[in-house]
Amino acid sequence: MKYKSQKVAYWFFALAILLFSLQIIYGFIMGFARIGMDGLHEFIPFNTARAVHTNLLVVWLLTGFMGAAYYIIPEEAQTELISVKLAFVQLISLALVGVVAIVGFHFNYWEGRKFLEIPRELDYLVVVNVLLFLGLILGTLYKGKRRTTTALVLTMGLVFAALLYLPGMIWFDSQVTDSFFRWWVVHLWVEGVWELIMGGILSYLLIKLTGVDREVIEKWLYVIVGLTFLSGILGTGHHYYFIGVNKIWLVVGGVFSALEPLAFLAMALFAMYMYKKGEKSHPNKIALFWTIGAAIVSFIGAGLLGFAHTLPQTNIYTHGTLVTAMHGHYAFWGAYAMIVLAIISYALPNMTGRKRYNVNTGHYAFWLTNIGMLGMTVAFGVAGVAQVYLERKMKLDFMDVQNEISIHFVVLLLCATMFATGVILYIIEFLRFGQPTDEAVLGENTTEE
Ligand code: HEM
Ligand code: HEM
Ligand SMILES: [Fe+2]
């Protein structure tokens with residue numbers, strides 16, 4: 001860490017991890033409900049738990065991205081953040097909006113639009129908050145001495161992510177139009193601009209951890225950005241197959257979304273190639289695991305498991321089933337959760353000055369979460385395929401099918417317990433690092449500059 005103001009990232013990371021823990025609790029509530037243990041039903045019915053689970057996911061990842069930006073941008077731009085005080089104002093207001101939204105969900109104050117359940121009135125507060133965040137980041141870049149491709153791709157991702165939130169705020173009376181624009185947010189986020197954010201963070205981490213030249217690494221970044229836009233924008237069509245819009249989307253969505261795995265493949269190859277090429281002298285092995293892991297798991301979760309149901313011929317059967325949940329879990333985990341956990345693992349020793357680079361707790365956290373999540377993905381997948389067969393081929397009643405497949409949720413809960421144990425170890429490590437210190441400035445063992 002070279003700039004004192006980078007320390008503000010720590011508090012964003014802490015908030016992200018707190019919200020992540022809450023997300024998991026709601027995951028368990030749903031998992032148990034699905035095997036008939038639904039004791040909390042009066043207070044937290046399944047649909048509420050689902051809204052809380054998925055929206056907390058989005059909020060903690062965005063909080064993590066913001067932390068990543070506060071850490072990366074000053075260093076890339078070679079200047080202090082323009083205002084640490086305002087960054088704290090932004091953090092606290094973000095936490096407040098989050099808490100109000102989550103509490104509101106329990107009193108039926110939510111919209112029923114998956115992932116975007118925050119009521120429109122609160123959306124305006126989100127907009128103000130994000131404007132403050134972007135102002136601080138853009139101001140710092142503008143003031144800085146250096147503008148790197150890494151910083152620009154990361155910032156571009158964040159600015160576009162903010163802009164794309166807006167179409168989701170327009171009110172439509174038609175369910176079809178509402179759905180059409182909801183995908184501009186949800187799809188163009190995860191299969192578009194969030195990939196730029198991921199690419200930016202990945203590029204930064206690879207520069208730091210492998211010691212390969214910036215020029216080489218950033219060249220790949222252009223390829224990734226290109227592939228993302230080429231496939232992802234029209235790939236939105238894979239959500240338009242049967243929602244009541246023009247049939248042309250069956251072809252457009254099928255063709256372009258089938259190309260989407262290429263961007264994730266490029267990221268996985270990129271990370272593995274840089275790892276091989278690099279001198280591997282950086283001592284922070286745990287951060288390296290998370291970084292390479294994110295690139296590989298995102299290719300499997302998003303690329304391969306996404307491809308598995310993206311053609312209209314398969315999607316007509318799998319749409320909205322647990323096959324979707326299978327893909328949703330492994331894609332979000334690999335691409336976005338793992339990259340946030342990677343930047344946290346990288347930044348913590350630098351911010352606190354404690355060089356806990358290779359401790360067992362950190363390695364167990366990595367493997368337990370990853371094996372647990374892989375197991376959960378398989379459980380969702382098996383349940384999903386059984387559901388598709390019974391419900392959509394054999395035409396059994398929806399609820400009867402849910403009963404038939406509940407056994408798979410026992411397996412899911414076992415794997416989820418392993419996953420949660422890994423997360424607890426990650427949090428224990430996070431806490432053991434203690435808080436950031438000014439003494440840690442310049443104490444970093446970098447391989448660059
Ligand atoms: C990191 C990137 C990705 C993430 C986080 C992600 C996550 C998700 C999530 C959460 C859903 C459910 C959305 C909802 O119903 O509201 C979904 C749906 C879908 N995803 Fe992805 N995805 C990613 C990349 C991809 C890619 C690359 C493909 C195609 C190759 C793909 C194909 C699909 C399809 C076809 C659906 C619709 C499923 C249905 O009809 O129920 N995804 N994705
Ligand atoms: C202990 C851990 C977890 C458990 C037990 C769990 C369980 C569940 C359950 C039961 C659902 C509802 C599926 C349904 O409709 O029946 C769900 C939805 C979802 N969860 Fe989790 N989850 C956990 C952790 C996570 C994590 C870490 C992520 C992201 C990295 C995640 C992302 C999602 C997403 C994106 C959905 C919506 C899926 C869809 O669109 O169909 N979950 N989860
Ligand atoms: Fe999509």
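1. A pocket here is an open set of points, on a 1 Å grid over the protein atoms alone, with protein on both sides within 12 Å along at least five of seven lines; a cavity is a set of points where a 1.4 Å probe fits but cannot get out, and lining residues have an atom within 4 Å of a point. Grid points are joined across faces, edges and corners, and a volume is the space filled by probe spheres set on the points.

2. This is a predicted model, in which local features need pLDDT of at least 70 and side-chain atom pairs count only at pLDDT 80 or more, while totals for chains, interfaces and linings use all residues. Residues are numbered from 1 along each chain as its sequence is written, chains are lettered from A and ligands numbered from 1 in the order in which they are written, and side-chain values use heavy atoms, with hydrogens and water left out.

3. Confidence is given as pLDDT (the predictor's confidence in each residue, from 0 to 100). The protein chain has a mean pLDDT of 96, with 98% of its residues at 70 or more. Over residues 445-449 pLDDT stays under 50, and the model has 16 contacts (heavy atoms within 4.5 Å) beyond four places in sequence for them.

4. The second largest pocket holds about 530 Å³ of space. Its lining has 30 residues, and Leu-62, Val-126, Val-130, Tyr-165 and Trp-189 lie nearest the centre. At least two lining residues come from each of α2, α3 (84-105), α4 (120-143), α5 (149-165) and α6 (175-210); helices are DSSP runs of H or I, at least four residues, and strands runs of E, at least two, numbered from the N terminus. By class, the lining divides into 25 nonpolar, four polar and one charged. Here Ala, Val, Leu, Ile, Met, Phe, Trp, Tyr, Cys and Pro count as nonpolar, Asp, Glu, Lys and Arg as charged, and the others, Gly among them, as polar.

5. Ligand 1 is surrounded by 27 residues (each with a heavy atom within 4 Å of the ligand), the closest being Lys-114, His-319, Gly-320, Thr-324 and His-327. Oxygen atoms of ligand 1 make polar contacts (pairs of N or O atoms within 3.5 Å) with side chains: the distance is 2.7 Å for Lys-114, 2.7 Å for Thr-324 and 3.2 Å for Arg-182. α6, α9 (261-277), α10 (285-307) and α12 each supply at least two residues of this shell, and α12 has the largest share, with seven. The shell of ligand 1 divides into eleven nonpolar, twelve polar and four charged residues.

6. Around ligand 2 there are 24 residues, and Arg-34, Arg-50, His-53, Lys-114 and His-329 are the closest. Polar side-chain atoms lie 2.7 Å from a ligand 2 oxygen in the case of Arg-34 and 2.8 Å in that of Arg-50. For Lys-114, a side-chain N or O atom is 2.9 Å from an oxygen of ligand 2. Two or more shell residues come from each of α1 (8-33), α2 (46-77), α12 (322-352), α13 (360-393) and α15 (407-432). The largest share, six residues, belongs to α1. This shell divides into 16 nonpolar, five polar and three charged residues.

7. The count of cavities of 30 Å³ or more comes to three. The largest cavity has a volume of about 150 Å³ and a lining of 16 residues, with Ile-286, Ser-345, Gly-362, Glu-429 and Phe-433 nearest its centre. α10, α12, α13 and α15 each give at least two residues to that lining, and α15 gives the most, four. The lining of the largest cavity divides into eleven nonpolar, three polar and two charged residues.

Technical notes: A polar contact is a pair of N or O atoms within 3.5 Å; within protein, one must be able to donate a hydrogen and the other to accept it, and residues adjacent in sequence count only if both atoms are side-chain atoms.
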